[in-house]
Each structure stands twice: as C-alpha cells, then as structure tokens.
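Colleague: I'm new to this one and would like a close look at a single part. Could you walk me through the salt bridges, slowly?

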Amino acid sequence: MPIRDTLMKSFEEILYLSKADVEKLNVSVEEIIQAVENAFCEKAAGKVEMPPKPGIHPKRDAFIHAMPAFLGETKSAGLKWVSGFPENPRRGLPYVSGLIVLNDVETGFPVCVMDCTWVTAKRTGAATAVAAKYLANKYAEKVGILGCGVQGRSNLEALLAVCCSLNEVRAYDVDRGNLDRYVKEMTAKHGVRVVPAESPRQAVENCDIVVSAGPILKNPHPVIEASWFKNSGFACALDFDSYWKPEAMYSMNKFCTDDREQLEYYKTQGYFANVPKVYAELSEVVAGKKAGREQEEERIMSMNLGVAIEDIAAAKLIYEKAKKAHVGTQLQL
Ligand SMILES: NC(=O)c1ccc[n+]([C@@H]2O[C@H](COP(=O)([O-])OP(=O)(O)OC[C@H]3O[C@@H](n4cnc5c(N)ncnc54)[C@H](O)[C@@H]3O)[C@@H](O)[C@H]2O)c1
C-alpha cells in the first residue's frame, strides 16, 4: 500500500472513550497531579498556547465553554467543550457535562473523543493540590470544604495525596443530605476525620486550607469574612468570588491565579468586579519564577479558574493508557 494510503488509514478512525472507559483505566490521583504540575511548568516556559475560554450562556449562571490548548513539550493538542448548569442537580443530573477532543499535532486530525467529567473533577483537584504544595503551610492539618459535590470529593482526594499532615476535614453544604453523604463516604474512603460544619464559618475558622466549591454566581452574595480565615492559611476558590468577600480576598498577603489572561477576560464578561491584584500565576510559582509560601504566617489565596492545559494534559495521559490497554471504541471519521 502506498505510504500516503497507509497514513490516511491511520487517521480514518478516532478512539471514543465513554465515562466508564475513562474510569476503568484507574489513572491515579498522583499521575494526574504530576501531569497538571508538568503542564504548569510548560506554561511557565512559554511552551503552551491557551487562549482565554470563550463561552455561551443559554441560561442565567449556566455556561458552555470552549477550552482549547496546545502543549508543545508533550505534543498535546485538543479542546474541552464543557457545560455547567446549576439547575441540573435538581433534575437528578450532574452539574458538569461535556467532551474532550484530542488532535494529532502533526496533521491536526482528531484522534480521540472522551467524556470530560472524570478529567474535569480530577484535574481541578490536582490543580488545588499543586497550588497547596507550594502555597499551603507544610504542616497543614485541617481542611475546610465548602460545597460537598464532585469537586468537594476530588479536591479532598488530591489534597490528601500531597498534604501528609491533614487529619481533619470540616465540611459544609447547604444541602444536609449531600453533606451527610459526603461525611459518610469520605470517612470510609480516606479514613480521615470528617466533621459536618453547621455554617460556612465553621468550615473556614481554624482551617489551614479552605476550598470553596459552591455555585459560581455572576452577581455573588459572598459570606466569608477576612476575620474567619486563619493567618498562615491557604484558600483555593473554585467558585470564583462567589463565596469570599472582597475584604477577605484583599486580606491575603499573596493572591494567585492559574491564568492572569483568563481572569482579565472574565472581568470583561462582568465577573470579578472587585478582586486584588494578582501576585503570581501558579505556573510562575511552580517554575520558581515567583516565591510560593515564604513565611508561616502568610495568608495566601489561589483563584483557580480552571484552565485547558490541565484538561488536555490529563486527557493525553488517558488516551495513551487507553490505547495501551485496548480500552474504548473505534469510530469511523
Ligand atoms: N475552577 C475550576 O477549575 C472548576 C472546575 C470545575 C468546577 N468548578 C466549580 O466548582 C463548583 C462545584 O462544582 P461541582 O461539580 O462539585 O458541583 P456539584 O453539583 O457536584 O456540587 C455542588 C455542591 O455544592 C452545594 N452547594 C450549593 N450552594 C452552596 C453554598 N452556598 N454553600 C455550600 N454548598 C453549596 C450543593 O448542594 C452541592 O452539594 C461549581 O461552581 C463549578 O462551576 C470549578
């Protein structure tokens, strides 16, 4: 067969990975944390292309985002097309759904399509863990989790993988049923003490690390006060500025983010009306271009917006593992 025909044949099919396919590969949290940390290093070295994610908004506080990224070092390229619809849980559906398309970097051909929910959960937890590695107190013992859904679970799992002294979780959720399920599940899964908090304040006060993962609101009604947050604490906001009062964010000694450009873009879209100046991007901290935690007493926050390099780095890892394990379904292009 002529070489051109052989080459054409190899791009006639794509690998489709369902949610179950992705899950059965059993990729470990440590592997995802490493992939995400490497992606931040590539970003710091100027080897990634990642325009701010544009979105459409069919309903209030709902989004469908296009998240493209190219990582030059690992030769990964692709797009996540992800939605978040806050009313879905009331319908018995997950808040987040979507797909990732991976492309061959030589020809541009799509080579894989996969469900994005597992990747979204794990890479967000992994980004929090990478941030905590550099910005949290080394001897952090207590973590507060606000919002006990998918992110509340994956963030705790990832934090436990990097913060060896964690021994207590203070969990808060507006839905008592969700909170009780979380306490039971996380206690059984991780063997760590999980205490239900009666208020957001109880999940913040005296905690060394606080992760907020409630709904993202365009017009937020934040409740977390500066005085609740411990000196020496590290906070990671996954729900933008919805939970943290401006004075709480301004009380931080260092205010970081995963992508300055994305934060600026969100401002043009009406989000982040009042947030402090960014001290550093996580990529700069990971690569040693900016200092992470320097003193025990520092108050540090990372506003993790969620960036496409995390998704595409994790998805590439999954794709390679799936090919090796012959997992997934071949589909004709
Ligand atoms: N920054 C990122 O990288 C990133 C990535 C994925 C998701 N998110 C955001 O994280 C948040 C959680 O996503 P998820 O997939 O875990 O959703 P989920 O629906 O699985 O869980 C959300 C949980 O929050 C609870 N909740 C609602 N309002 C609350 C409040 N005011 N205080 C405390 N708990 C509250 C709900 O009862 C539910 O248990 C969303 O805002 C989502 O957009 C951010």
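Colleague: To start us off, is Asp21 buried or exposed?

Modeller: Keep in mind that this is a predicted model. Asp21 is buried, with a relative accessible area of 9%. Its partner is Lys24: the two side chains meet in a salt bridge, 3.4 Å from N to O. Lys24, though, is exposed, at a relative accessible area of 53%. Both sit in helix α2 (residues 19–24), and because they are three residues apart there, about one helical turn separates them. As for the background, side chains of opposite charge can pair when their charged atoms come close.

Take Glu310 and Arg123, whose side chains meet at 3.2 Å, N to O. This pair ties together distant parts of the chain: Glu310 belongs to helix α10 (residues 308–325) and Arg123 to helix α4, 187 residues apart. Glu310 and Arg123 are both buried.

Now hop over to Glu298 and Lys254, which form a salt bridge of 2.8 Å, N to O. Again distant parts of the chain are linked: Glu298 is in the loop between α9 (282–286) and β15 (300–303), while Lys254 is in strand β13 (residues 254–257), 44 residues away. Glu298 counts as buried at 9% relative accessibility, and Lys254 is buried too, with a relative accessible area of 4%. Finally, back to Arg123 and Glu310: salt bridges with shared partners join them with Lys80 and Asp311 into one network.

Terms used:
Residues numbered from 1 in each chain as written. Predicted model: local features only at pLDDT ≥ 70, side-chain atom pairs only at ≥ 80, totals over all residues. Heavy atoms only, no water. Salt bridge = Lys/Arg side-chain N within 4 Å of Asp/Glu carboxyl O. Helix = DSSP H or I, 4+ residues; strand = E, 2+ residues; numbered from the N terminus. Buried < 20%, exposed > 50% of the residue type's maximum accessible area, 1.4 Å probe, protein only.
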